[in-house]
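Me: I'm new to this one. Can you walk me through it?

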Amino acid sequence: MTDLITTFTARRIFICVVFVYWVCSPILGQSSKPDLTESSLETLLNMEVTSASRKQGKFLETSAAIFVISREDIRRSGLTSIPELLRMVPGLQVAHIDANKWAITARGSNGRFANKLLVLMDGRSVYTPLFSGVYWDVQDVLLEDIERIEVIRGPGASVWGANAVNGVINIITRVAKDTQGGLFSVGAGSHERGFASVRYGARAGSKGYYRIFAKYFDRGPFELPSGQDAQDQWHFGRVGLRADWELSPEDTLTLDAGLYGGRAGVTTTLVTSFSPPFEQTLVGQAHVSGGHVLARWKRTVSKQSNFALQLYYDRTDRSEFIQGEHRHTLDFDFTQQLAWGNHHDLVWGLGFRYTTDQTQPRFFAALIPASRQDQVWSGFVQDEIRLFSKRLHLTLGSKFEHNGYTGFEVQPSARALWSFTPHHAIWGAISRAVRTPSRADQDLRLILGAFPTPTGPPTVITAFGDPAFRSEDLLAYELGYRLNPDQRISLDLATFYNQYDDLRAFRPEVPFLALDPPPPHIVVPLRLVNGMRGQTYGAELAGNLILTQRWQLSPGLTFVRQLLRAAPGTNSTLSEANEGDNPVWQAHMRSFVDLPHQVEWDLTLHLVGPLAAQDTPRYARLDMRLGWRPTETLDLCVVLQNLADPRHQEFNAFPQFASSTQVRRSAYAKFTWSF
Amino acid sequence: MDAGACVQSQRPDRPSLLSAVKIARSIFFLFTLAVFASEPLAWAQSDSPSEYQVKAAFLYNFAKFVEWPADAFPDSTSPFVFGIVGDDPFEGELTGMISEKSLGGRRVVVRRFRRGEDLRQCHVLFISSSEKKNLAQLLDSVKGLSILTVADTDGFARQGGIIGLVLEENRVRLEINPQAAEHSHLKISSKLLALARIVGEPGGGRD
């Protein structure tokens, strides 16, 4: 007993000492700012600098809830895919459904087919009009080539357009000039069974640079609750090219192209006939491939004006149990920036997108018609007004869009930011955004379940799209506060209150007898209608604390609550289930420690609350990375993931058309050589 | 790891919680140890400097490793002049960092210049990226003068400037054009040359 007390007290004292030391060290640090001019040339050459784009000014000047994942964040996370990287962003909900599928959203309404988040890669929308969501399995590049990932929570529709309802994710890769020379990396482990990538960059003529890359990975399966392999292993190959030319001091031309292909395993239980046993568990693979080519011309007309012209073509091919899809997209975009007077910064743009698809009907799911062409015309204008010696920023703007489903959509927004000292800023915004109908909302026929009745024909529950389906509507109120008292501490708080209307809900209709396909069966139709409204409110906190020159902490906190009400006449159980697909609370902590001899030791902890509507309990995810850079060109690291428990489930919602599988503990080692 | 997982699956709850606590505790312990062990003195230092703080330090250092001809200074009391032409990317910090220093017994002065102004009194001239379009014209105007031209625009040293500051992997790298230095009657020390990438103008023979 005495032993116990002594140990306890000793530990307490120890913790107190550590705490005091931690708290005091930043204060101690302020007194001695080294005189850089007295440093040797060698020291200066080796000194890592914070570049202008990460300057605190920018951080304080944005009147939206923005989080930027930097190159260093990516490297030190030890994560290997874009969806996994998004976990570090407070305010996003990221969950594995199975090894190759994710449910990702911001500010609520999560699911594999989460449809209120717009994702762009180097200006190319990777959002599919099929279900208004993102196929996360095919969104990839060489992670080393990513300059930054900007995540804006809340509506970004006034500039980005429809479907940027709950957020916009912008993945920006580095210009070819910054990725010159070679890079080779290879690794293997338990879940990451093997991966390799190679990149080479050189000059393209006297005025430009290019890089080419190829990457391949093979990831292992997760686990079924029974302990068996879930057969959701996947492998992907990808090649890409980027070139940038500075044609003249005013003109730059960018060319970006990529090709990918892969197989993703899936186990799913689906209705395959209207006679017993009705359902079958299918094990197989999704075959996916695609590619894109993009060209962008930017011209600086004068110090006050520049414009950009962008054209891209994108192709997606998927074939899986639930659907088959071939899609071609052609997109044209023009933006001009104009500074007029000392106070105005005007941006306007025009866009046109043409998309055509060819889908393959399956027994339980089909789109009618199987093929459809759509055109979207859009324009936007936004003015940023700086007043009171740039202390007050007002941003007013709107997007105007015409699409083939709902006609005209207007999405205005008003934002204001007030920096009352150089270190504090408060901002607020009111915006409207819409989620335009997807192909599925209007054209879907989907069998949700089939079962025998004691007498008579079997009953089949089928969801039907509705050609009259309108846009889902959001009116969002945001309020945020930023604090940046010195370079080492920053704090970013964002709160929001979202009012949704015309959300998608299921409305049961009069059952009818159908003869085809045989045997005769009773169809209980559920119509997709704009039959739900509701509120979401929450707060997101992101911090950054550089405690010492060698230790940095990045804490984060997410709180979101969703309240949905189905209109009378709709099936409220089915419709409102969505509100419980988000954890109410999430907490994040990332820690980066630089040890002597170029050794880095990084920890990430995520605590995720339970999903009330699902059988998904709370879980903790703990990752650890140990890295060593013996020279500037070599990087070795060992990464341990999901250390907190042997296995856990992250998502289990109906209908995701995949079995929810369990994430396992895993480890891998990686070697990177730049030359 | 896998064997452990099998045993635990029979008693699903407590053991996994316990092992999580254990892992968390040992990581915390290692963590504290690591943080304490890593050079406590380094604690008292600040965050990595900004890009232009480091570039400013370079400018000052260049002056120590370059020799100016005697006629570059009107008399023994005339100051050593650092000039910035175009928008000031240092946001005044260059002045703060070096204006109270001296070089070879001379007072250091930082001056801002507008394009077209007489640059003759300058010794080190930083050409801001805002002057990118007028680069050729600017370099022409200082031709033959003993002025060390420095800039961080792309390919500056190749286009006839003397020292280019290039940002690579968040570090500042140097590109030096020795021919340009020669034309300006400046002698760059071998030590500075050894730390830089040597470049030449197209058709200048050396690259």
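**Strands, confidence and size**

Reply: Start with chain B: strand 2 (residues 80-85) and strand 4 (residues 106-113) of chain B pair in the parallel sense, over six bridges. Strands are DSSP runs of E, at least two residues, and helices are runs of H or I, at least four residues, both numbered from the N terminus. Two strands pair if DSSP finds at least two bridges between them. This is a predicted model, where local features need pLDDT of at least 70, side-chain atom pairs count only at pLDDT 80 or more, and totals for chains, interfaces and linings use all residues. Residues are numbered from 1 along each chain as its sequence is written, chains are lettered from A and ligands numbered from 1 in the order written, and side-chain values use heavy atoms, without hydrogens and water.

Me: Which residue of strand 4 of chain B is the bridge partner of Gly83(B)?

Reply: Arg111(B). Further along, Val85(B) stands opposite Phe113(B) of strand 4 of chain B.

Me: And how does strand 3 of chain B run against strand 4 of chain B?

Reply: Antiparallel, with two bridges. One pairs Leu103(B) with Arg106(B). The hairpin has two residues between the strands, and Gly104(B) there takes a positive phi near 55°.

Me: What sheet do these belong to, and in what order are the strands?

Reply: An open sheet of eight strands in chain B, in the order 3-4-2-5-6-7-8-10, with mixed pairing. Strand 3 and strand 10 (197-198) of chain B are at the edges with a single partner strand each, so one side of each has no neighbour in the sheet.

Me: Switching topic. What is the mean pLDDT of chain B?

Reply: It is 78, and 75% of the residues in chain B reach 70 or more. pLDDT is the predictor's confidence in each residue, from 0 to 100.

Me: Where in chain B is confidence lowest, and where highest?

Reply: Lowest in helix 1 (residues 2-8) of chain B, at a mean of 37, and highest in strand 6 (residues 148-151) of chain B, at 94. Over residues 1-15 of chain B, pLDDT is below 50, and the stretch has seven contacts beyond near neighbours in sequence. A contact means heavy atoms within 4.5 Å.

Me: What about the complex: which ipTM and pTM does the predictor give?

Reply: An ipTM of 0.72 and a pTM of 0.77.

Me: Now chain A. How many helices and strands?

Reply: Eight helices and 37 strands.

Me: How much of chain A is buried?

Reply: Buried residues are 56% of its 675. Buried means under 20% relative accessible area, exposed over 50%, partly exposed in between (1.4 Å probe, protein chains only).
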